[in-house]
Amino acid sequence: MAAVGTVRAAGGVVWRPGVRGGVEVCLVHRPRYDDWSLPKGKLHAREHPLAAAVREVAEETGVSGQPQVRLPSIRYWRDGQPKVVDYWSMRMLSATRFRPNAEVDGLRWVSTNTAERLLTYDHDARVLRHFASLPRITAAVALVRHALAGKRGDWRGPDGARPLDPAGLAQARTLAPVLAAVAPERILSASVRRCIETVEPVGARLDLPIEVDAAFNEPKPGQEPADVAAEAAARLAALATEYGAVVVCSQGKVIPPALARLSRLGSAKAWATPKGTGWLLAFAGTHLAGADRLTV
């Protein structure tokens with residue numbers, strides 16, 4: 001947890017395919033400091049760092065970026081206050097014409113090698129080197145567990161019809177801008193009502209339908225949990241090969257073993273996912289190359 005008084009900011013290593021192969025990354029020049037840096041900015045009140053990173057990149061560069069994998073955070077002092085900046089790698093989706101202003105008066109797309117030489121600060125260069133060491137990320141999957149839905153024993157109807165409770169509805173509304181920041185092409189959900197309701201706010205925000213996919217349902221009586229986990233893991237990998245980004249809502253007996261299988265770590269305990277939270281999964285092809293917890 002950040003110390004009291006810490007300034008929170010977020011930004012990105014924004015990339016696009018290079019004209020001669022490889023990738024180009026975006027740097028900005030700030031006249032106030034006369035420096036070249038990675039695009040970033042301060043969080044708004046109660047804003048999630050991931051949503052802030054996407055917003056700040058767009059405001060400083062005119063680039064609509066799709067966050068893919070968490071990069072190292074940096075910590076330093078500025079104007080007598082400690083500052084923490086969280087970074088994500090971001091694939092450029094689109095860009096408007098850059099217009100110089102008082103905050104950012106220059107923008108350059110350069111190779112990672114050139115960027116490392118141009119960057120004014122060593123901490124920015126360290127973030128860039130970490131980005132350059134990663135495999136090429138091809139897709140991002142935001143995988144979330146349904147929000148709070150009361151106690152199973154208190155619900156008299158079929159368990160699949162159990163709705164979110166008031167706290168769960170609030171969680172779903174808070175999740176919506178974070179999931180929207182991933183810019184998903186599709187939103188998929190297990191068939192139970194509480195999963196569908198968890199992603200309805202982001203579906204409404206993006207005008208995307210909620211697609212029910214039984215591959216993300218918990219095991220039914222007679223089904224082997226390992227088989228269900230294998231099917232969910234295979235479905236996630238398949239989605240990552242078809243789309244640049246998707247949102248998936250599943251259940252507590254599916255997510256940990258499926259991610260243990262994808263990551264090849266073996267233990268589902270490492271992937272425990274409380275209700276109303278999830279993961280931003282970065283894929284390089286079908287290989288799970290990174291996983292960042294999504295909490296709100």
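This is a predicted model: local features need pLDDT of at least 70, side-chain atom pairs count only at pLDDT 80 or more; totals for chains, interfaces and linings use all residues.
Buried means under 20% relative accessible area, exposed means over 50%, and partly exposed is in between (1.4 Å probe, protein chains only). Residues are numbered from 1 along each chain as its sequence is written, and side-chain values use heavy atoms, with hydrogens and water left out.

**The chain as a whole**
- You'll find seven helices and 13 strands in the chain; these are DSSP runs numbered from the N terminus, with helices being H or I of at least four residues and strands E of at least two.
- The radius of gyration is 20 Å, close to the 19 Å from the globule rule for 296 residues, so the chain is as compact as a globular protein of that length. That radius is taken over C-alpha atoms, and the rule is 2.2 Å times the number of residues to the power 0.38.
- Along the principal axes, the C-alpha atoms fill a box of roughly 65 × 40 × 35 Å.
- Buried residues account for 51% of the 296 residues.

**The nonpolar cores**
- A nonpolar core here is a set of buried Ala, Val, Leu, Ile, Met, Phe, Trp, Tyr and Cys residues joined through side-chain atoms within 4.5 Å.
- The largest one has 59 residues, and L179 and V248 touch the most other members.
- Helix 6 (residues 225-242) gives the most to this core, with seven residues.
- A second, separate core has 22 residues, including W15 and L119.
- Leaving aside residues up to four places away in sequence, L179 is in contact (heavy atoms within 4.5 Å) with several residues, among them A142, V199 and L294.

- Six strands line up in the order 10-9-11-8-12-13 with mixed pairing; two strands pair if DSSP finds at least two bridges between them.
- The edges are strand 10 (210-212) and strand 13 (287-294), each of which pairs on one side only.
- Strand 12 (residues 278-284) runs antiparallel to strand 13, and seven bridges join them.
- W279 has R293 in strand 13 as its bridge partner.

**Back to Y121**
- Y121 sits in the loop between helix 2 (112-118) and helix 3 (122-133).
- Not counting residues up to four places away in sequence, Y121 touches R30, Y33, D35 and R78.
- P67 is 54 residues from Y121 in sequence and 23 Å from Y121 in space, C-alpha to C-alpha.
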